[in-house]
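Subject: Structure handover and notes

Dear colleague,

Please find the structure we spoke about placed just below, followed by my notes. I would be grateful if you could read the two side by side.

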Amino acid sequence: MTKIFAITNQKGGVGKTTTSVNLAASLATAGRNVLLIDLDPQANATMGSGTNKQTVQRTVYQVLLGEIEIQSVRIRNLQTKYDLIPSNRDLAGAEVEMVTLPKREMRLKSALSQIEEEYHFIIIDCPPALNLLTLNGLCAAHAVMIPMQCEYYALEGLSDLVNTIKKVRTNFNPKLRIEGLLRTMFDPRNILAQQVSDQLQQHFGSKVYRTVIPRNIRLAEAPGFGIPVLYHDRQSKGAKAYLELANEVLNV
Ligand code: ATP
Ligand code: MG
């Protein structure tokens, strides 16, 4: 059975892409077949996986518009051991261009149906917005993973996201569920972070992943080399945390 994760939070810079890339690499190194889909015109997951967004020719953009088959867009990377569907800035236009297409929210889901059986896990890195691209991610997914920083405004945005997920479940994708909230960039010395973390656990209970991703410089450095942190510094706290998250995901 394939499990499809949408990594989403409309708030920017909370660790969606870092989580997508490093969870993909950690699941792949555990021997699972993994596909990472970059659904963000910023193409950070593409760059962070070692593909140059400036020169890449075939992307998820053409797949969403139905111009090319998803099979011909996949990039196999022997080092990172997961497959990538890349993105580039063209994707920013897709929202407008998809509006007139039939079933515009289901375009990723229908494309994925051609290849999903080849994978144990498909991870979708969503953009920081509740837009048509994110909607395509949520309609294609089984599970939502919400990375968040433990700060005051994080909780405010969360209710909008939870409401959006409920609407998607009612209207398009009855199987969709929130699998977990992931605490990212965590600094245990920060008292507010501790308080918000406690509140999260009170409200969401077992929906909060046990794994906490610490703030770790190696995680921030790795994208500059186009590699997941595992291949940059396997002993770093960041690498270990994402391996632990992969274990938690595998044991659910
Ligand atoms: P966007 O909303 O723009 O897509 P995002 O939610 O995908 O952002 P990231 O790009 O993963 O967030 O992270 C934002 C920045 O924080 C990046 O520079 C990243 O390298 C850094 N970062 C992410 N997680 C950590 C961490 N645990 N420790 C240190 N730096 C981190
Ligand atoms: Mg991102």
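Predicted model: local features only at pLDDT ≥ 70, side-chain atom pairs only at ≥ 80, totals over all residues.

Residues are numbered from 1 along each chain as its sequence is written, chains are lettered from A and ligands numbered from 1 in the order in which they are written, and side-chain values use heavy atoms, with hydrogens and water left out.

The sheet

Helices (H or I, at least four residues) and strands (E, at least two) are DSSP runs, numbered from the N terminus, and two strands pair if DSSP finds at least two bridges between them. On that basis, 8 strands make up an open sheet of mixed pairing, in the order β3-β4-β2-β5-β1-β6-β7-β8. Its edge strands are β3 (75–76) and β8, each of which pairs on one side only.

Strand β2 (residues 34–38) pairs in the parallel sense with strand β5 (residues 121–125) over 5 bridges, with aspartate 38 standing opposite aspartate 125 in β5. β2 also pairs in the parallel sense with strand β4 (residues 83–85), here over 3 bridges, and the partner of leucine 35 in β4 is aspartate 83. Of the 5 residues of β2, 5 are buried, where buried means under 20% relative accessible area, exposed over 50% and partly exposed in between (1.4 Å probe, protein chains only). In a regular strand the side chains alternate between the two faces of the sheet.

Helix α6 (residues 132–140) is mostly covered, with 9 of its 9 residues buried. At the start of α6, a side-chain oxygen of asparagine 131 reaches to within 3.1 Å of the backbone nitrogen of leucine 133. This is a polar contact, that is, a pair of N or O atoms within 3.5 Å; within protein, one must be able to donate a hydrogen and the other to accept it, and residues adjacent in sequence count only if both atoms are side-chain atoms.

Serine 87 belongs to the loop between β4 and α4 (91–98) and is buried, with a relative accessible area of 0%. The side chain of serine 87 reaches the backbone oxygen of aspartate 40 at 2.7 Å.

Ligand 1

Among the elements around ligand 1, α1 (16–29), β8 (208–214) and α9 (217–221) each supply at least two residues of the shell, and α1 gives the most, with 3 residues. Backbone N or O atoms lie 3.0 Å from an oxygen atom of ligand 1 in valine 14 and 3.0 Å from one in glycine 15, while for threonine 17 the distance is 2.8 Å. Taken alone, ligand 1 exposes 630 Å², of which the protein buries 80%; accessible areas come from the Shrake-Rupley method with a 1.4 Å probe, and for residues only the protein chains shown count as cover.

With best regards
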